[in-house]
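I opened the files and kept short notes on what I looked up. The entries follow the order in which I worked.

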Amino acid sequence: MGTRIRSPLGDRLLRLAIVLVLLGISAAVLVPLLNIVALSLSDTKRVSELRGLDVLPKGFSLIVYKILAANPYFIRSILNSVFITLTGTTVNLIVTAMAAYALTRPSLPGRRFFMLLVIVVMVFEPGIVPEYLVVKKIGLMGSLWSVIFYKAVNVYYLIILMRFFEEVPPSLVEAARVDGAGHWTVFRRVMLPLSKSAMATLGLFYGVMHWNEYFRASVYITDPLKYPLQLILRQFVVLDDTSALIGAGTIYSYDEAARLSYAALKAGTIVVAILPVLMLYPLILRYYTRGVMEGGVKE
Amino acid sequence: MASTAALGARIRRDGFLYVLLAPALAYFILFHILPMAGMRIAFEDFRLFGKSAFVGLKHFRTLFSSPGFATVIANTLILSTMKIVLFFPLPIVFALMVNEVRSSVLRKFVQSVAYLPHFLSWVVIAGVWIAFLSPTAGGANELRRFLGLPVLDYMTSKEHIRWVLFASETWRSIGWDSIIYLAALIRISPSLYESADMDGANALQKMRFITLPELVPTMVTVFILNLGFFMNAGFDQVFNMMNDSVISRVDILDTFVYRVGLVNMQYSLSTAASLFKGVIGLVLILSTHGMAKRVTGKGLW
């Protein structure tokens, strides 16, 4: 870049315009999010002063979070979401990796048939009612496992991992096989160590998918104590139904609750739902977009 | 005999692969193949207990003769057109703009910010957008006030709701969908730009005559593959952003299937709609995938 001659004026003006547009886009993404954070942190007495484009709280108070933390439904929903996310992602990674290994072995008898099955799963969705009836039949109704198992494997991620396993030099696998290693040993000692970053990437994507899950939970789970956080969020913030969150009446145990705005409480719920994603976000950027970002920076 | 022995040896050697495959296989069968088989209830009067009676195409006739279904199809096509055709150039323009930024710090910042909404659930996005578009203290109406325009309740406005969906989809995806173009931009040989510099080309000319043509194969692939999902139109988004005032403008196939099936418990009718959607989707995906494969020489399978 240093060797480049000074660009003509027109180019510099164009670049300035582009930078302004990109900053505008960044602001359009950030302002609505920061406004929600500001709303949740504002002093209850001054929250009505907060306008829609403000990104800093009016005063400072954690009362919203204290009220949420005292709500048994809210706390349980976080625990449910953490359970679904951790267990679900573990199940996803194990099942996907084992299947990807088996499906990439040329020696797998019936390999073409299984690949056809994968493609059929990918291109045809049966719809929610037939799935609902199966979940009912196999006795997963009302259980968190329904939300975990309905997407035990994402076929697109399976294919990505298969592509990755195919890149592993066959000589490495052959060498281990000649030494008498079984498939399990090759899978554990050769394949998995070589695909740590691919597994980490898939893990992050599966994790975000589970954390953000609300729809299957709304269909399969009826007990509000088993709701994941996103479902509480949907009921409270999107549908404006407070019964899921304050059914227990805990909100009224606070003196300040009388003055507390629902908008601020909703904002706090949104922030808690975003927080884990934000915490994982640097990792996501590092693993998934590393190639693109670094490649883009190198010149 | 020899072949039996060989088969025995092969199973001893590779039989364990079936153990590795078994959990995924069980999942495919339970959550995909069995539900697919279960779609036969579209041709039956479904009963939870006892035997369901075969009724042929009765539910399909009900479906196609109901005026509500025509609206649902129209909404699906309109919203898909907006999100696939109208939205299509935006990530390309975004990638081209990011590509022109010289400061790597600024570029990283813009990219990190723009990719973020992709990882938020539609529940969260709906919550954020409902707040932002709120007629009382929302940011959008603050802007309108600033411009001297009257307050507008976007979420309940029949004229605006589709554009709200379009805008929120853009908000969520413009950054993320640009990644594939940025990856393609990196592969463009720098020598092309160097010789253009020598010829005295300006930035706009380089963009027009070098960068854009190099992106065409990626554009074609992305566009074709997106067409395969034309019948989807974004269930999670519509499900979380619609309300009774605007349902006639945004009710799509998937929200219809949900409402008829799981709210009204008309299992057979809902499954008929799913089957209709599934078959069209299947034809679309197979044909667009074939097209993409012919154009680029590689596909997903």
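I looked up the crossing of α5(B) and α10(B) and found it right-handed (left-handed would be the near helix turned anticlockwise from the far one by less than a right angle, right-handed if clockwise). The model is predicted: local features need pLDDT of at least 70, side-chain atom pairs count only at pLDDT 80 or more, and totals for chains, interfaces and linings use all residues. Residues are numbered from 1 along each chain as its sequence is written, with chains lettered from A and ligands numbered from 1 in the order in which they are written.

I checked the contact next (C-beta atoms, placed from the backbone, within 7 Å). On α5(B) I listed P91(B), I92(B), A95(B), V98(B) and N99(B), and on α10(B) I listed Y181(B), L182(B) and L185(B). By class, I noted seven nonpolar, one polar and no charged residues (Ala, Val, Leu, Ile, Met, Phe, Trp, Tyr, Cys and Pro are nonpolar, Asp, Glu, Lys and Arg charged, and the others, Gly among them, polar).

I then read the axes of α5 (residues 89-100) and α10 (residues 179-186) of chain B: they come within 8 Å and cross at roughly 45 degrees.

I turned to the two chains. I found 75 residues of chain B in contact with 80 residues of chain A. Helix α2 (residues 16-38) of chain B gives the most to that side of chain B, with 15 residues. I recorded the division of this side as 50 nonpolar, 17 polar and eight charged.

Last, I looked at chain A and noted 15 helices and zero strands (DSSP runs, H or I of at least four residues for helices and E of at least two for strands, numbered from the N terminus).

Definitions and conventions: Axes fitted to C-alpha atoms, helices over the stretch in contact; angles between N-to-C directions. Contact = placed C-beta atoms within 7 Å.
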